[in-house]
Amino acid sequence: MIKICGVKDLETAEKCIELGADIIGFVAHRASRRYLSADDVKTIVNAVGGRVKTCAVGFTLAECEGYETDYVQANDANFAENHILSGHERPSGTFRYFLFDKSSGKGETCEYPEWTAEFSDRLILAGGLTPENVGDVIRRYRPFGVDVSSGVETDGVKDMKKIAEFIKRANEAFK
């Protein structure tokens with residue numbers, strides 16, 4: 001599973017679909033430079049017409065209220081089928097998916113803790129992933145999925161060449 005996060009417009013969403021992204025993410029956290037309102041996200045979601053899964057991303061579920069996406073991702077997500085729990089500490093309780101990102105969306109590379117292997121069937125790795133390192137990370141940690149945002153940007157804008165290379169290398173490593 002490959003998630004491209006921080007999508008801000010329909011053109012980028014369409015290109016991500018064309019390149020083979022499984023999920024596109026929209027940032028619901030107002031302080032982020034990638035923030036999109038629920039209305040803007042609804043416009044994009046309606047235009048892509050179910051051709052890709054979508055995800056609202058916030059630090060809390062409350063931030064994601066009003067977003068009409070397939071998934072919501074937050075640090076306080078729970079066991080709901082459409083929730084992705086995110087954080088950098090060992091999760092407890094019941095959850096469908098767990099996204100590990102020690103940098104909390106800042107795109108900083110880290111070594112993933114050994115305990116993440118226990119959740120590999122529902123683990124999504126993020127933080128500092130790039131087209132250059134995603135293949136090695138997938139082969140080493142065998143996650144269910146990967147998530148990228150700043151690692152496929154140039155000067156703060158999604159770079160289609162980087163997205164294409166990221167998806168290509170991730171798919172090769174997942175085989």
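In the predicted model, helix H3 (residues 134-141) packs against helix H4 (residues 160-174) at an angle of about 25°, with axes 8 Å apart. Helices (H or I, at least four residues) and strands (E, at least two) are DSSP runs, numbered from the N terminus. Axes are lines fitted to C-alpha atoms, for helices over the stretch in contact, and angles run from 0 to 180 degrees between N-to-C directions. H3 is therefore roughly parallel to H4 (angles under 35 degrees count as roughly parallel, over 145 as roughly antiparallel, 65 to 115 as roughly perpendicular and the rest as oblique). The crossing of H3 and H4 is right-handed; in such a crossing the near helix is turned clockwise from the far one by less than a right angle, and anticlockwise in a left-handed one.

H4 also packs with H1, at about 30° and with axes 10 Å apart. H1 is thus roughly parallel to H4. This crossing of H1 and H4 is right-handed. H1 packs with helix H2 (residues 38-48) at about 40°, again with axes 10 Å apart. H1 and H2 are therefore oblique to each other. H1 passes H2 in a right-handed crossing.

Residues are numbered from 1 along each chain as its sequence is written. Local features need pLDDT of at least 70 in this predicted model, side-chain atom pairs count only at pLDDT 80 or more, and totals for chains, interfaces and linings use all residues, while side-chain values use heavy atoms, without hydrogens and water.

Eight strands close into a barrel with parallel pairing, in the order E1-E2-E3-E4-E5-E6-E7-E8. Two strands pair if DSSP finds at least two bridges between them. From one strand to the next, the twist averages 25°. Strands E7 (residues 123-125) and E8 (residues 145-148) run parallel and are joined by two bridges. Ile 124 has Gly 145 in E8 as its bridge partner.

The second largest pocket has a volume of about 160 Å³. A pocket is an open set of points on a 1 Å grid where a 1.4 Å probe fits, with protein on both sides within 12 Å along at least five of seven lines; lining residues have an atom within 4 Å of a point. The volume is the space filled by probe spheres set on the points. Helix H1 (10-19) and strand E10 (157-158) each supply at least two lining residues. Among the lining residues are Lys 8, Asp 9, Arg 34 and Met 160.
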